[in-house]
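Subject: Structure handover

Hello,

Here is the structure, with the sequence alongside. My notes follow below; please read them with the model open.

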Amino acid sequence: MRKKIIFGAVLLLPLSMITACTNKTKGVDYKKDLSIGEELSDKEKADVIWAAYQKLDEVVKFTVSTKSFEANNENSSSTTETKQVVYNYANYYSHADAETKTTYVVNGVTTVVEGETTEDHWVDNEKKQYLAVINDKHNKDIEVQGHFFDTDEQGQFELLKTSFYREIPGMFVSQMTDANAYKSGDNYNFVLRYYYESESPVVYGEDVLTEKGSNKRQMTMTINKSFKVTEFSYDYLAEANHYQAEPPMGEEMIKLNENHNEIKFEYGKLKDNSKGLAKINAEYNSVQLADLSLNTTLGNYNAEAQTYNSTSTPTYEMEMKFITFAKRHVDAIIPLNNGAQANAFSLRLAGHTSDHIIPSDEWVGLIDKEFEGLQAKLPSGYSVNNNVDHDVVYYLPEGQMINGYLHLSFDVEITQTEVVVSNLDAFVSQVM
């Protein structure tokens, strides 16, 4: 089985905006003119880029910083700041930490959304797997991606290993292939600029107005005599004399998008992080939680006959937060008041386990777990029957109807022998 790895978006492409105090602008400020020195031929330029690309094997850390701005109209804009730090270790292992802060301003109201993501990329030599785990802590989501080779007759796995440290930073370096390049002292300077202006008449109602727009881009890179990248930056600016879906407003240009990126590389000897690599390999290759659900029904319980007849299955809301491959934190809200005229509900934790996350359809066990101690956290009056046709039933005396929302919070972990539910908190409220 083989699947393609997709790296985190913050590493792949520069964003297209930058923080600013106002939408009015005079244009991009090219802070540094690197178009100096003796211009390189195409072959010389290609040789320098290739040497710098190979040297990326010695990058022990690189940082991607972005500042971005986007305006939808005069009363709606967003500003995003992102910083991602990637640490490379020996034995084909890298770890990345990223923080993002986006500020939305709409009609004078400011909303801030923050995000935090970690990424681990590594090679499992034994199973011939090239893996990435992306943990989005803000959205409580984990994603596993990778290359898998049942056989390696063509040497593709070894080729991937060769490019392991070059893959992501190489995306930035390779973008300078079409740049102008200059030899200045001991440095090689690369400059790629793009400028586009448009002006055309457009009809708005009975008026013919002049629509203007412009785009400016600049990428710069400096490589020293040791073929190490000492500077990489990217700037972008898009302007127009009107917002989208609005008529031109005269000669004054308005900033719609602006971006500034900086990438800094640190070179050295890759440090050993055998403990970190062993830990994530052990987690990945252990028994893991593949999926979880709450088997919940509403119905009627007859205490004398000790029978339970389910009448409906409520639609619940559930969020899961990744803790480890084998452990999750779960928050759920289950409506108990959907008009079923029920005096009881059943509840069990269900799901599957796997020997590793990919491929996810290779399940090795089923999860069927009751919530011990739940009755003690329910309102007074609830009783429990732990074995009504294999259901755990929580019920009120006949003639009393359950009503409200059941709130659950708990950790669930799969060990080598059992499923463990811990830190259980539960209560019933009249509102979600």
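Two strands pair if DSSP finds at least two bridges between them. Helices (H or I, at least four residues) and strands (E, at least two) are DSSP runs, numbered from the N terminus. This is a predicted model, in which local features need pLDDT of at least 70 and side-chain atom pairs count only at pLDDT 80 or more, while totals for chains, interfaces and linings use all residues. Residues are numbered from 1 along each chain as its sequence is written, and side-chain values use heavy atoms, with hydrogens and water left out.

Strand pairing around E20

Ser-346 stands opposite Val-393 in E20. The strands concerned are E17 (residues 344-354) and E20, which run antiparallel and are joined by 3 bridges. Strand E19 (residues 383-388) also pairs with E20 in the antiparallel sense, over 4 bridges, and here Val-384 stands opposite Tyr-394. The hairpin of E19 and E20 has 2 residues between the strands, and Asp-389 takes a positive phi near 50° in it.

Is strand E20 enclosed or open? Of the 5 residues of E20 (residues 391-395), 4 are buried, so the strand is largely enclosed by the rest of the structure. Buried means under 20% relative accessible area, exposed over 50%, and partly exposed in between (1.4 Å probe, protein chains only).

Whole chain

The chain has 5 helices and 22 strands. It comprises 432 residues, of which 46% count as buried. Its accessible surface comes to about 22700 Å², with 47% of that belonging to carbon and sulfur atoms; the areas come from the Shrake-Rupley method with a 1.4 Å probe, and for residues only the protein chains shown count as cover. Taking contacts (heavy atoms within 4.5 Å) between residues at least 6 apart in sequence, 63% join residues at least 24 apart.

Aromatic rings

There are 16 aromatic pairs in the structure. Rings of Phe, Tyr and Trp (its six-membered ring) pair if their centres lie within 6.5 Å; planes under 30 degrees apart count as stacked, over 60 as edge-to-face and the rest as tilted. One of the pairs is Tyr-92 with Phe-164: the ring centres are 6.0 Å apart and the planes at 85°, so this pair is edge-to-face. Tyr-92 lies in the loop between strand E3 (76-89) and strand E4 (93-106), and Phe-164 in the loop between helix H3 (156-162) and helix H4 (167-174), so the pair ties together parts that are 72 residues apart in sequence. Phe-164 is buried, at 6% relative accessible area, whereas Tyr-92 counts as partly exposed at 25%.

Lys-183 lies over the face of Tyr-188, 5.3 Å from the ring centre, and Lys-255 over the face of Phe-69, at 5.5 Å.

Backbone angles

Tyr-92 is not a glycine, yet has a positive phi of about 60°. Asn-423, also not a glycine, has a positive phi of about 50°. Asn-423 is placed in strand E22 (residues 419-429) and counts as exposed at 57% relative accessibility.

Regards

Note on methods: Lys NZ or Arg CZ within 6 Å of the ring centre and 35° of its normal.
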